[in-house]
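Here are my notes on this model, point by point. Please keep the structure open while you read.

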Amino acid sequence: MSDTKNDLGKEIIRDLNHEPHEGKTHKHGLWSSVSIPVLAILTGLILGALLIAITTPTVYQAFGQSFGKGISTAFMEIGKAYQALFEGAIGNPIRIVEALRAGEAREIRMALNPFLESLVQSTPYIFAGLAVALGFRAGLFNIGVEGQLFIGAACATYVGYAVKGLPPYIHMPLAFLAGALGGAFWGFIPGLLKAKTGAHEVINTIMLNWIAFRLTEWLLTGPMTRPNAGGMPISPLIQKSAEIPQFFGSPIRFHLGFFIALVIAWLIWFLLFKTTWGLDLRTVGTNPRAAKYAGLSTVRTIIIGMSLSGALAGMAGAVQVLAVNRSMAMGLSSGYGFDSIALALIGGNHPLGVVLAAILFGTLRNGATRMMVTSQIPIDIVDVIQAFILMFVAAPAIIRSLYRLKKKGPEESTVFLSGWGGKS
Amino acid sequence: MTTTSQTIVRKRLAEISFARKLAMGVIEVLTALIIFFVFSRSISADAMTKFVMTPGGITVGTMADWVFNSSIALYLLAGITLLIGLYQLIKGFGKLTNLMVAIAFFCLIFGFLIWQASSKSLNLGGMLSSAVLLAVPITLAAFSGILAERSGIVNIAIEGMMLMSCMVAAIVASATRNPWFGLLGGIFSAVVLALIHAFLSIRYKINQVISGTVINIFSAGLTSFISQRFLQKNESLNTPPMFTRVPIPGLANIPILGPTLFNTNLFVYILFALLIILQVALFQTRWGLRLRSVGEHPKAADTLGIDVIRTRYMGVLLSGAVAGIAGAFFTLGSVGRFDEGMTAGKGFIGIAAMIFGKWTPIGSLGAGMLFGFADAIGSKLSLLGSKIPPQFMAMAPYIITMVVLAGFIGRSSGPAASGEPYTKE
């Protein structure tokens, strides 16, 4: 505790004397902003490797024979698993090189498919991560991304199959917009409740998650069920005109949604950092009291912030339905809601960071599917690794003490939570 | 100066209670109308309702089945509710208002069941007994939340702690063939997670919700990982011996109450023991006063020589232990094996129950029972072939929580310093 205080004091004195930070400010700035996330990811992967080693029976057998053999078996198992992870996520380098040399277009696409599939997996993460990041910027903790995603997906699905006879260039955007609106509505509720009654959004969004699951379950077995589904919770297939196009033929699923996600990310960046509205939102987020004295309407910001965050989450659901699944089932999301909290924080709640972190998460999840097939390591290891990464990013002090990094200065922090409800 | 502000406050309180009085009266009259028009009008006049009063597989404390005319019973309930509502509107019940609302609510639920079970048979005894069992993990999770939040640490990781305990309890109990070791193992694993939560949020001052989310993701991932990697191949590791039904001599013979409360699972007894211990410890002992003061105003507590940091560690670790018991219930008291994600959000509902119960053990028990009852009704309704989708019954607890949180039924506000890290100056 005391040494960080000393450091802070030194920093202030140095600032007052206009001394450059350790001589090389420029380089220091870039490294210090990426060092924590990069080292957090690295450490997460190392701990994941450790988990693989200690849960592999052959490693124990090898340790029974001799210590050296145990170590080498452990490294071999980890190597095998992570090689599968890499090939599943990026592709087999040899195959890529050979395909490029042969110059056959279809073979090149197939060799690169693992990478393209990683981008497909990242797409919902980008939307969901932006949703959480936008909330954080406004000082709102949106744990309800999962529920907003389900409602958004349900709305997009409904417009996707029930509206008929529209040309694709109207139907597809309409269905996507319906998804965004559905999510926005599901975000608007906790926003309104927080702004008007002070009820904390964390609890309300968690409650709305469960309401959304039950509601979609009912919709998919009742009003929106597929004919002859036999009580299975699944919707009809959406119309061809509502589909977000995939660029290449099956099995390559790479689709336009990825680029839509990038455009939306850019829009959010523009909104947050280039408009006065964005400045107001960030001010409310970092310093609500100052915002109040500056005459900003916290009520409006909270409501709009939550709705917009919900809209982004709804888009995540819509893009999955319209571009990948083409119908809705309960297994729509593999926990995007909670993962997106992690990736928003890893991305520093900045749209660019979120996009990068989302691609990382999509890549990990895609690679883990391959790892599961070749070395029987359950895909859930990705969750464990993500939890570690989130922990290290949220508590940079751990990473700093692990790698003997210097603290760069006081961190700005947003107070999300003081009690669940009641302005009192 | 002070007197004028006091009169203003008093006047405002009086106004609020006047509006409240009217609102409650209207709600009660509406309830009566629902019972009369929706329930009793849609069934034939001579339909009979049969309530089976003894849960299946019970031999002591049995009771004869209850068969009666559905319409007459519904008229009676509607009449009672209408009288309550009218009296509330005209004169008001004063301090008894909440009790009367509860009675009206009870009439509504009871009327609903009579309506649904008209010309059918419903095992009411079995429903009560399963409602209590469904309430156990929710209420224990709420107790866990109380312990942490009263000390000023938000514990959103209860779900993760429960899930971990669930799995560890199954494995340890299977390996040792002893449910007690399983329970201890489960508690231990949850306490380890609580220690991490405490460490992250007290030592490193991470935002407590984020720290909790870390534990939730970690625990969901690790339990699924271990389950797929080991438990599915080695079924012998996932066949824990369970705690069996333990009748309490004498009390088990009481009809209805006996089978639901005194001839049941060990976990139900633990729940009630914890209820009494917590209620007394929190509000009657010096220990409880210190814990609460740390949650309300840590700086003041520190000035008085209370070790804030240590108290908070203690609160979170105890919270973990109780969450561990709640998790072990699933594998050792209810299902008898571990399945991925089997806590299914009960930890989060527990937090809701804690808020609904205004951060008190007794209130949380009431909320937990209500949620358990809603669950039980939902599953019974689908058996009865009701037209109302069970999903809507399952949504009820969440909606109620949101309504409570929004302050429509009296404000519920937690410990003042909950969620704020404490830095000693």
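1. Start with helix H15 of chain B, residues 390-405. Bear in mind that this is a predicted model. H15(B) has 16 residues. From first C-alpha to last, H15(B) reaches 24 Å, close to the 22 Å expected at 1.5 Å a residue.

2. Now look for the bend. H15(B) bends by about 35 degrees at Ala396(B). A proline, Pro397(B), follows within four residues.

3. Which residues of H15(B) are buried? The list is Met393(B), Ala394(B), Met395(B), Pro397(B), Tyr398(B), Thr401(B), Met402(B), Val404(B) and Leu405(B).

4. Next, the contact between the two chains. Chain B gives 45 residues to the contact, and chain A gives 41. On the chain B side, helix H7 (208-231), H13 and H15 each supply at least two residues. The largest share of that side comes from H7(B), with 16 residues. By type, the chain B side divides into 25 nonpolar, 17 polar and 3 charged residues.

5. Turn to a pair of helices within chain B. Two packed helices are described by the angle between their axes and the distance between the axes. Helix H6 of chain B covers residues 179-203, and helix H12 of chain B covers residues 308-335. Their axes come within 7 Å and cross at roughly 140 degrees. The crossing of H6(B) past H12(B) is right-handed. The residues of this contact divide into 19 nonpolar, 8 polar and 1 charged.

6. Check the backbone at Arg326(A). Arg326(A) is not a glycine, yet its phi is positive, at about 65 degrees. Arg326(A) sits in a loop of chain A, between helix H13 (298-325) and helix H14 (336-346). Is Arg326(A) buried or exposed? Arg326(A) counts as buried, because 20 other C-beta atoms lie within 10 Å, and the cut-off for buried is 20 or more.

7. Lys358(B) has a positive phi of about 50 degrees, and it is not a glycine. Its place is the loop between H13 and H14 of chain B. Lys358(B) is partly exposed, because it has 18 other C-beta atoms within 10 Å.

8. His297(B) is partly exposed, because 16 other C-beta atoms lie within 10 Å. What does His297(B) touch, not counting residues up to four places away in sequence? The partners are Ala416(B) and Ala417(B). Ala273(B) is 24 residues from His297(B) along the chain, and their C-alpha atoms are separated by 29 Å.

9. Finish with chain A as a whole. Its secondary structure comes to 17 helices and 0 strands. Chain A has 424 residues, and 50% of them count as buried. Take the contacts in chain A between residues at least 6 apart in sequence: 77% of these join residues at least 24 apart.

Technical notes: Residues are numbered from 1 along each chain as its sequence is written. Chains are lettered from A and ligands numbered from 1 in the order in which they are written. This is a predicted model: local features need pLDDT of at least 70, side-chain atom pairs count only at pLDDT 80 or more; totals for chains, interfaces and linings use all residues. The expected span of a helix is 1.5 Å times one less than its number of residues. The bend at a residue is the angle between axes fitted to the seven residues ending there and the seven starting there. A residue is buried if 20 or more other C-beta atoms lie within 10 Å of its own, exposed if 12 or fewer, and partly exposed in between; C-beta atoms are placed from the backbone. Axes are lines fitted to C-alpha atoms, for helices over the stretch in contact, and angles run from 0 to 180 degrees between N-to-C directions. A crossing is left-handed if the near helix is turned anticlockwise from the far one by less than a right angle, and right-handed if clockwise. Ala, Val, Leu, Ile, Met, Phe, Trp, Tyr, Cys and Pro count as nonpolar, Asp, Glu, Lys and Arg as charged, and the others, Gly among them, as polar. Two residues are in contact if their C-beta atoms, placed from the backbone, lie within 7 Å.
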